[in-house]
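Please consult the sequence and the model while reading.

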Amino acid sequence: MDTLEINDKQTKESVATEELSGSQILLKGLIEEGVDTIFGYPGGAIMPIYDALYDFKKELNHILVRHEQGATHAAQGYARSSGRVGVVFATSGPGATNLITGIADAQIDSTPMVCITGQVFASLLGTDAFQETDVINITTPITKWNYQVTDASEIPEVLAKAFYIAKSGRPGPVLIDITKNAQIQKVEVEAYQKCEHIRSYRPYPIVRQNYIEKAAALINSAKKPFVLFGQGILLGNAEKEFQAFVEKAGIPSAWTILGAGAIATDHPLNVGMLGMHGNYGPNVLTNECDVLIAIGMRFDDRVTGRLDKYARQAKVIHLDIDPAEIDKNVKAEVPVWGDCKETLPLLTALVEEKSHDEWLAKFRDFTQKEIDQVIDAECNPTSGELTMGEVINQLNILTKGDAIIVTDVGQHQMVACRYAKFNHTRSNITSGGLGTMGFALPAAIGAKFGAPDKTVVAVIGDGGFQMTIQELGTIMQSGIDVKIMILNNQFLGMVRQWQELFNDKRYSFVDITSPDFVAVAKGYYIEGQKVSERENLVGALETMLNHKGSYLLEVMVTKENNVFPMVPQGCSVSEIRLK
Amino acid sequence: MDSNIEKKEYNITVYTENQIGLLNRIAIIFSRRKLNVESLNTSPSEVESIHRFNIVINETEDVVKKVARQLEKQVEVLKVYFNTNEDVIWQELALYKVPTDIIAEHVSVERLLREYGARAVVIRKDYTVFETTGHREETDALVEVLQQYGLIEFVRSARVAIIKDSDGFHAKLREFERLEPGEDVIENEYLNKGQKVFTM
């Protein structure tokens, strides 16, 4: 019996070639790639793979989600918390199309992910067969690479390529579509070989010392240098190299939301968050610095605001692994291609040891203004209804900044990113580029699988929670320990905020009603409670964090609160509003 | 900075692996940005197994540079060059089908054809097919003329272009095949070739 042979390690090692089905080859390949967790959902066209999976239960932990979109977000959460490649299984047709949102999210947020979809028999391709959809062409614009396998013998090489492409260079999602006949077909295969080089693909641009030198000279001559850092530091595992660089050069540094946690929130050179709802100082002073050093970030429009009024006075140094990012939005005076793990130490070696005290003090002045005018009222109110900020603030005190915070999209996301404390890297997991509501619950599940020793808190709005609420079933069945905190303002809050500020309070379809979330959780055998009074908040948070297993805490917060500061759309970063 | 405002024709040469689906991957880079592709040709290249796309767009240099980088980012794209019309030798091929009897009656037509460097590919009782190769204006001019003589069908191919100062792709490919490619495989990143510095 083949299956017996596969489970017998000695047999496996003693024969150079053996005849296996495409499905078995795939699963063995996944194990070779170090995969131990798969998020998926079976269906007709992927049945042979699931049949083979039955024999790999020990090696491959398959998490049955409740909707394929949940599988993609869980894989993203897993990849973001662990730094490993997230793996997704789905069937053809609707199974595959349900992956689209998550794949697009992974593409724009550079998350390494390999999606395996089943496909109809190769002989039926193009015949509008049952559950046939052209998943390759649908996913072409949102994958780093994709490929349709129609013959089992292709699988080892394609799988090895998929993993190499997904995780190397600027990471991203890859999709392999495997026709049912290729899953069933038996072929002889040789030992699995990982991919290390593809001639048409250069994931790591050559580092050129002359540009490092130019960058260092510019930094050394700067009076008001300013660092903007993004997820590139996390993706390059360059947190230490980054810290060494900013500490030696003494440069105030601000983060994009995906860069949060690359350096601890409390680090003296960490001056806060960039962008539309970022901190006051980093936004205003972007238009005052003389040298802007962007590291592993892509000048998203939510970061830059109006481009023609963005840092025009500054000379820009841009460190990025993706050459297509250089000059895409902001022109770079000195581009530094390469993995920042490699380029940062080279730069650090050449920069002078400095401390820009006066310049740093300017950031502190702005911080003080922001505390006085925004933060204090948001995070430490003593009367009125609960605010989102104080919930996050109390959570910080209890978790000490050691938890992984997974956020959905909207007001709560901005508040959580602004006020959550991150002592560690890979502890802020959010949908940045795509802004996918419904991301947090499944991503938190994946994040916990990726970092089982960490406390994982999903902070979710009442709107977003209802988009993927069915993943409570995944939590129930897998027994995973995820703390779910719903900040319920009974509105689609961010859209409401814009309607208030820019559409004369014409609240068009933002008034959303919710079920009894605690009762829903109870239906899934997940304990929970609802809190709306200040005096009960800390106790409720403690109960949630101390509870063994998953817990849902619904916090009723002020209905019509706005997130400030804010750079209104179409405005320059220096036109940031405090109210 | 004129090059960033002024639109002109650019010839984009893309060296790729021969892979199903790559045409779509390349085409959507243009369509996503609402860029009109004036002409697109795929063919083998000077290197066996390597494909060559010739794409013509009418855009500013700034847009073309960004598109070139997006193209080059694709896993199965080896190299992208972009050149103005002055930097390339280019040709398009056109076929014209006209009724033979009318052609036969009009001696001047023959002279015209000679003038336009056309040649007859097929001559049948009912129709004759002529062919010309040349620049757009030349092939277009003949259409106008033949229109008077009952032009039945007209078709023009995509543009094919040879880069004047290219040394071909053989040496580059050898570089790509090495695990650690040398400096010259990234020379397209130097956009101001004269000074070897960034001017963008």
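This is a predicted model: local features need pLDDT of at least 70, side-chain atom pairs count only at pLDDT 80 or more; totals for chains, interfaces and linings use all residues.

An unreviewed UniProt entry annotates residues 212-345 of chain A as "domain: Thiamine pyrophosphate enzyme central".

## Nonpolar cores

The largest nonpolar core comprises 102 residues. Among the residues with the most contacts inside this core are A:Phe226, A:Phe245, A:Ile295 and A:Met485. Helix H17 of chain A, spanning residues 357-379, contributes the largest share, namely seven residues. Because domain 2 (209-362) and domain 3 (385-557) of chain A both give residues to this core, it lies between them.

Beyond its neighbours within four places in sequence, A:Phe245 is in contact with A:Ile219, A:Val227, A:Ile251, A:Ile295, A:Leu344, A:Leu347, A:Thr348 and A:Val351. A second, separate core has 48 residues, including A:Ala444, A:Ile445, A:Ile486 and A:Ala521.

## Chain B

Chain B contains six helices and nine strands. Of its 200 residues, 48% count as buried. Chain B exposes about 10,700 Å², of which carbon and sulfur atoms supply 50%. Where contacts in chain B link residues at least 6 apart in sequence, 75% of them join residues at least 24 apart.

Residues 11-85 of chain B carry the UniProt annotation "domain: ACT", from an unreviewed entry. Over residues 11-85, chain B is 32% helix and 44% strand, and the end C-alpha atoms are 7 Å apart.

Technical notes:
Residues are numbered from 1 along each chain as its sequence is written. Chains are lettered from A and ligands numbered from 1 in the order in which they are written. Side-chain values use heavy atoms; hydrogens and water are left out. UniProt positions are given in the numbering used here, feature names are shortened, and annotations may be inferred rather than shown by experiment. Helices (H or I, at least four residues) and strands (E, at least two) are DSSP runs, numbered from the N terminus. A nonpolar core is a set of buried Ala, Val, Leu, Ile, Met, Phe, Trp, Tyr and Cys residues joined through side-chain atoms within 4.5 Å. Buried means under 20% relative accessible area, exposed over 50%, partly exposed in between (1.4 Å probe, protein chains only). Domain bounds come from an automatic or database domain assignment. Contact means heavy atoms within 4.5 Å. Accessible areas come from the Shrake-Rupley method with a 1.4 Å probe; for residues, only the protein chains shown count as cover.
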